[in-house]
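Open the model in a viewer and keep the selection panel at hand.

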Amino acid sequence: MKIKNICCIGAGYVGGPTMSVIALKCPHININVVDANQDKINAWNGPIDKLPVFEPGLSEVIEKTRNRNLFFSTNIDENIEKAEMIFMAVNTPTKTEGEGAGMAADLRYIESCARDIAKYSKSDKIVIEKSTLPVRTAEKIKKILNSENKIVNFEILSNPEFLAEGTAIEDLFKSDRVLIGGDDSETGQRAVQALVSIYSNWIPKEKILTTNVWSSELAKLASNAMLAQRISSINSLSALCEKTGANIDELSKAIGMDHRIGSKFLKTSVGFGGSCFQKDILNLVYLCKYYGLNEVAEYWHQVVKINNYQKERFAQKVIDHFDGTLTGKKIAILGWAFKAKTNDSRESAAIKVSETLFKNGASLLIYDPKVQKKTIVNDIESIWEVKCDFQDRRIEIVDKLANTYHCDVFVILTEWEEFKKINLDREKIIFDGRNISENKNKISIGK
Ligand code: NAD
Ligand code: UGA
C-alpha cells in the first residue's frame, strides 16, 4: 500500500518531533499533525524560536518541512478522512480517579481518538499506537473502531516511541531500533510493511523489528521500567556510599566498565523525572496486579519507591544543614526541568524537592534557562496547591542566573551546563543534586 497522507493526532513532545522527522525524510508524504489545543497549534505555526517544544535540532527540521509537507492544525475530522495512515500520539497519564487511580494509565484521550477515527473515516485506515499503552490496548481500540464504524477496515499497529527528550531529533535520526507490532493476518502484515517502508527511508532494515502487537506494547513499558530500574539501583547505592566513604561516581564507573552491564544510565541524581518513567512503571505494576502477579508488581513498585526516597533524602540534607529550620533562609533553586536540554518540567524532581523546602519555611529564588515562568507558576499552584502571588516574596522566579546570587545556599536540580561553574566566590554551599558542580564547596549525592 502506498501511503500519501498521514494524520497524527497529538502535537506534543512525541507527535511534533516524530512527524517533523518523518516529513523531512519522506518528502513524498503529506503529514498533518492535529491537536485539540488551539494555542499549541498556533505555537507550532508561530515563530521558530517559540515552538511549544524545546528540543535541540527541532527548529531546523521544522524550518525545512513546515508548510512544505508538514502541517499543523485543529482540523481533526478533515485530516482523519483524507489520511491512509493515522498515528495516535496523545497523552496517557496516570489515572487520577476511578478504578486503578494513581496507577493505571488513563486511556480517555486514546479512546476519544479512536471514536474520532471511527466517526470521520470513510475509507480503510492503518491506525498506529504511538502513545505508550498498557499491553492489550489494541484490543480495546479495535472494539471501539469496529463497533462505531462498520464500513471501513481498520488495521491496528503498535509502534511505540523510544526517543528521550533533549535528544529527540538525534534519537529519531539514529534510532537503536524501530519496533512495529502487527496482526498475523495478511492485511495485518500488509499494514506492517506499509509502515516499514516509511521508516526504511532512513532507518537500516536490520534495526526495524517486527513483532506481534502484544510484544510491541509490552516492550515499551518494559524498556522504560528497565531504564528507570538502573537509576533507582544506582541511587539506592548512593545512600550506602554516603555512609561508608565509597564514592558513587567511582562506583558507577567501575560497575559500568563491565561490558555486560554497560556505562549508560548509571548517573546518580536527585531522582528521575519526566512524564513517562513513573507513570509507565505504575502502569506495569497495575497490570501485574490485575493478572494476580503480586510479587512481580511489588518488585517493580520498589523502583518508584526508591525514586521518591531519593528526592526526600536530598531535601532532608538541606534541612539538616540548617539544623531543621529553614525559616528566613533564601534558597536558590537551579533548574526546574526534569533534565537538561528540555523545557519540560513534568514530574521533575525539582518540583518535589523545592516543595519540601518551601513547606519547611524557606524562601525560594527559582531559575531555569528554558522552562517558562508561567509553567513554573502552574506547577506550583497545581502540585503544591500554593497560590503563587509573589506578594510576600517567598517565591521569586528570576530570568537570569546572576539574580540568584544573593541566596544563602544553591540547590542544583537540573544538570544545565551553566550551573557547573556557579558560586565562584566559594563562600556559599551548593547542594548538588546532579553531581555536576566544579566548585569545592558543595554537598553532593553519594559522596
Ligand atoms: P503531550 O502531552 O506533550 O502531547 C499530547 C497532545 O495530545 C496534547 O497536545 C493534547 O492536547 C493532545 N490531545 C489529547 N487528546 C486529544 C484528542 N482527543 N484529540 C486531539 N488532540 C488530543 O504528550 P507526549 O509527551 O507527546 O506523550 C504522548 C505519548 O507518547 C504518551 O503516551 C507518552 O507516554 C508517550 N511517549 C512520550 C515520550 C516523551 O519523551 N515525552 C517519549 C516516548 C513516548
Ligand atoms: C525516557 C527514555 O529514556 C526514552 O527511551 C523513552 O522513550 C521516554 O522516557 C518515554 O517513554 O517518555 P526521557 O524521560 O525523555 O526518556 O529522558 P531520560 O533521558 O530517560 O531521563 C529520565 C530521567 O532520568 C531524567 O530526570 C534524568 O535526569 C534521569 N536520569 C537519567 C538519571 O537520573 N540518571 C541517568 O543515568 C539517566
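Select ligand 2 and Lys339: a polar side-chain atom of Lys339 lies 2.8 Å from an oxygen atom of the ligand. This is a polar contact, meaning a pair of N or O atoms within 3.5 Å; within protein, one must be able to donate a hydrogen and the other to accept it, and residues adjacent in sequence count only if both atoms are side-chain atoms. The protein covers 90% of the 700 Å² of accessible area that ligand 2 has on its own (Shrake-Rupley method, 1.4 Å probe; for residues, only the protein chains shown count as cover).

The model is predicted: local features need pLDDT of at least 70 and side-chain atom pairs count only at pLDDT 80 or more, while totals for chains, interfaces and linings use all residues. Residues are numbered from 1 along each chain as its sequence is written, chains are lettered from A and ligands numbered from 1 in the order in which they are written, and side-chain values use heavy atoms, with hydrogens and water left out.

Next, show the backbone of Leu163 and Phe338. A polar backbone atom of Leu163 is 2.7 Å from an oxygen atom of ligand 2, and a polar backbone atom of Phe338 is likewise 2.7 Å from an oxygen atom of the ligand. Helices here are DSSP runs of H or I, at least four residues, and strands are runs of E, at least two, numbered from the N terminus.

Move to ligand 1. Which residues are closest to ligand 1? They are Asp35, Lys40, Thr92, Glu165 and Lys279, out of 26 that surround it. The side chain of Asp35 has an N or O atom 2.6 Å from an oxygen atom of the ligand, and a polar side-chain atom of Thr92 is also 2.6 Å from a ligand oxygen. Ser112 places a polar side-chain atom 3.0 Å from a nitrogen atom of ligand 1. Taken alone, ligand 1 exposes 830 Å², of which the protein buries 91%. Its shell has ten nonpolar, nine polar and seven charged residues.

Select helix α11 (residues 277–290). Eleven of its 14 residues are buried, so α11 is largely enclosed by the rest of the structure (buried: under 20% relative accessible area; exposed: over 50%; partly exposed in between; 1.4 Å probe, protein chains only). The buried residues include Phe277, Lys279 and Cys288, and the buried set packs against α9 and α12 (294–321). After α11 comes Gly292, with a positive phi near 75°.

Follow α12 to Lys317. Lys317 counts as buried because its relative accessibility is 18%. Beyond its neighbours within four places in sequence, Lys317 is in contact (heavy atoms within 4.5 Å) with Glu242, Phe431, Ile443 and Ser444.

Finish at Thr404, in the loop between β11 (395–397) and β12 (409–412). Is Thr404 buried or exposed? Thr404 is buried, at 0% relative accessible area. A polar atom of its side chain lies 2.7 Å from the backbone oxygen of Leu401.

Methods
A residue is near a molecule or strand if one of its heavy atoms lies within 4 Å of it. Ala, Val, Leu, Ile, Met, Phe, Trp, Tyr, Cys and Pro count as nonpolar, Asp, Glu, Lys and Arg as charged, and the others, Gly among them, as polar. The expected span of a helix is 1.5 Å times one less than its number of residues.
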